[in-house]
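Have the sequence and the 3D view open as you read.

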Amino acid sequence: MAVDPSGWERRILSPVLPGVEFEFMRTTINPGVDAGVFSPHAPGSLEWVAMEGGVLLLTINDTPYTLRSGDSIYYDGDCWHGFANPGEEQCVYYLAMDVKGQPARARQHHKPTKEDEHA
């Protein structure tokens, strides 16, 4: 488990196995906390996010996506990706990462939120 003093916590739920580059984790980010921007993984890497509660501002290569409870998204992991909680309650989400990389690349997909409909 990783706990950052700025107000976020990441708990790996998947077993760590030699030669397997897959992680499944649960992350909590306190209100108003920016957990930072993470550098790209290997080409062909994929990431999936599923929201449990709160609000997550996910930024993928400078493009922001606002996710709320029940929303999900997947995207190429070989890009810059940032996680922040702009809300007033704790944000909780699950993240699955396949960082080994594969030749086929995913396209970013996003479950529209009410905010997106009004944009």
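Are Phe 83 and Tyr 93 buried or exposed? Both of them are buried. Keep in mind as you look that this is a predicted model.

Phe 83 belongs to strand β9 (residues 81-84) and Tyr 93 to strand β10, so the pair ties together parts that are ten residues apart in sequence.

Now look at what else surrounds Tyr 93. Leaving aside residues up to four places away in sequence, Tyr 93 touches Arg 10, Met 25, Arg 26, Thr 27, Ile 29, Val 49, Ala 50, Met 51, Glu 52, Leu 56 and Phe 83. Some of those names come back when you turn to the largest nonpolar core, which has 21 residues. Within this core, Ile 29, Val 49, Leu 56, Tyr 75, Phe 83 and Tyr 93 touch the most other members. The largest share comes from β10, with four residues.

Back to the rings for a moment. The count of aromatic pairs comes to three. One of them joins Phe 24 and Tyr 94, and this pair is stacked too, with 5.9 Å from centre to centre and 15° between the planes. Phe 24 is in strand β3 and Tyr 94 in strand β10, so here the pair ties together parts that are 70 residues apart in sequence.

Next, follow the strands. Four of them make an open sheet, in the order β4-β9-β6-β7, with antiparallel pairing. Which strands stand at the edges? Those are β4 (34-38) and β7; each has a single partner strand, so one side of each is left without a neighbour in the sheet. On average, neighbouring strands here are turned by 15° against each other, ignoring direction.

With β9, β6 pairs in the antiparallel sense over four bridges, and with β7 the antiparallel pairing runs over six bridges. Leu 57 lets you see both pairings from one spot: Leu 57 stands opposite Ala 84 in β9 and also opposite Thr 66 in β7.

How many residues lie between β6 and β7 in their hairpin? There are two. Asn 61, in the turn, has a positive phi of about 50°, although Asn 61 is not a glycine. Asp 62 is in the loop between β6 and β7, and has a positive phi of about 70°, again without being a glycine. As for accessibility, Asn 61 is partly exposed with a relative accessible area of 41%, while Asp 62 is exposed at 74%.

Carry on into strand β7 and you come to Leu 67. Leu 67 is buried, with a relative accessible area of 0%.

Finish in the loop between β7 (63-68) and β8 (72-76), where Asp 71 is found. Is Asp 71 buried or exposed? With 6% relative accessibility, Asp 71 counts as buried. The side chain of Asp 71 reaches back to Arg 68, meeting the backbone nitrogen of that residue at 2.8 Å.

Notes
Residues numbered from 1 in each chain as written. Predicted model: local features only at pLDDT ≥ 70, side-chain atom pairs only at ≥ 80, totals over all residues. Heavy atoms only, no water. Buried < 20%, exposed > 50% of the residue type's maximum accessible area, 1.4 Å probe, protein only. Polar contact = N/O pair within 3.5 Å; in protein donor to acceptor, adjacent residues only side chain to side chain. Core = buried A, V, L, I, M, F, W, Y, C linked by side-chain atoms within 4.5 Å. Contact = heavy atoms within 4.5 Å. Phe/Tyr/Trp six-rings, centres within 6.5 Å; stacked < 30°, edge-to-face > 60°. Pairing = 2+ DSSP bridges. Axes fitted to C-alpha atoms, helices over the stretch in contact; angles between N-to-C directions.
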